[in-house]
Amino acid sequence: MNRRTPTTDVALIAGFAALIAVCAILPDIKTGIGVPYSLQTFGVLLAGAVLGPVRGFLSVLLYLVAGLVLPIYSGGASGISHYTGVTAGYLVAFPIAAALCGYLVYRNRQHATQFTLVFTCGLLSSFVVVHTLGPLNLAWRADLSLKEAFSFDAAYFPGDIAKNVVMALIATAVHRAFPDLAARRAAATTDEPAAQSA
């Protein structure tokens with residue numbers, strides 16, 4: 001097993017931040033039922049599932065920071081005003097969802113190539129974090145009742161399920177091709193020749 005290096009970690013974090021940006025600025029997928037779906041959450045959860053909790057969180061955080069000045073938010077938007085608007089809850093939820101997804105996958109890293117595990121981790125992270133913080137902020141900013149906000153958000157459930165299917169297919173393929181991605185960082189100690197740390 002190859003040893004993970006800080007240089008590799010930085011490159012992966014930057015690379016996935018760029019991937020999320022590309023997913024966000026691509027045109028929304030038209031469904032024909034009045035609810036377009038962006039690929040932003042797909043990129044966010046893929047970063048967590050592939051990179052793990054820390055690197056996944058940092059890659060999404062880097063994307064969000066870059067979006068303050070670059071037009072890389074959904075639809076090619078940018079700026080700090082997005083953190084005071086109706087979609088702020090979703091943006092805040094993204095790095096947390098990536099971290100949770102990464103934590104769940106890496107906690108079961110020996111099964112990171114299993115579709116069911118990765119799909120469940122992604123879907124759970126999306127519903128627990130994104131589909132909670134998003135509508136809570138929506139209710140606050142748009143002066144909606146919680147029922148109205150969560151009902152509006154529910155329209156995006158089918159798209160998120162589909163995106164998590166694709167995310168899990170890609171993430172498991174990546175882990176099969178590059179098993180060292182989920183390797184624990186090696187660390188030397190004074191008591192043992194080598195120790196494994198998360």
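Trainee: So Ala, Val, Leu, Ile, Met, Phe, Trp, Tyr, Cys and Pro count as nonpolar, Asp, Glu, Lys and Arg as charged, and the others, Gly among them, as polar. How do the residues lining the largest pocket divide?

Mentor: Into twelve nonpolar, seven polar and four charged. The model is predicted, so local features need pLDDT of at least 70 and side-chain atom pairs pLDDT 80 or more, while totals for chains, interfaces and linings use all residues. Residues are numbered from 1 along each chain as its sequence is written, and side-chain values use heavy atoms, without hydrogens and water.

Trainee: How much space lies in that pocket?

Mentor: About 560 Å³ in the largest pocket (an open set of points on a 1 Å grid over the protein atoms alone where a 1.4 Å probe fits, with protein on both sides within 12 Å along at least five of seven lines; lining residues have an atom within 4 Å of a point). The volume is the space filled by probe spheres set on the points, which are joined across faces, edges and corners.

Trainee: Switching topic. At what angle do α5 and α7 cross?

Mentor: Roughly 140°, for α5 (residues 115-141) and α7 (residues 157-177), whose axes come within 8 Å. Axes are lines fitted to C-alpha atoms over the stretch in contact, and angles run from 0 to 180 degrees between N-to-C directions.

Trainee: What about α5 and α6, how far apart are their axes?

Mentor: 8 Å, with a packing angle of about 130°. That makes α5 oblique to α6. H131, one of the α5 residues in that contact, also belongs to the α5 set that meets α7.

Trainee: Where do α1 and α3 touch?

Mentor: L12, F16 and I20 are among the α1 residues there, and L58, L62 and Y63 among those of α3. The axes of α1 (residues 6-25) and α3 (residues 53-66) cross at roughly 50°. That makes α1 oblique to α3.

Note on methods. Helix = DSSP H or I, 4+ residues; strand = E, 2+ residues; numbered from the N terminus. Contact = heavy atoms within 4.5 Å. Parallel < 35°, antiparallel > 145°, perpendicular 65-115°, else oblique.
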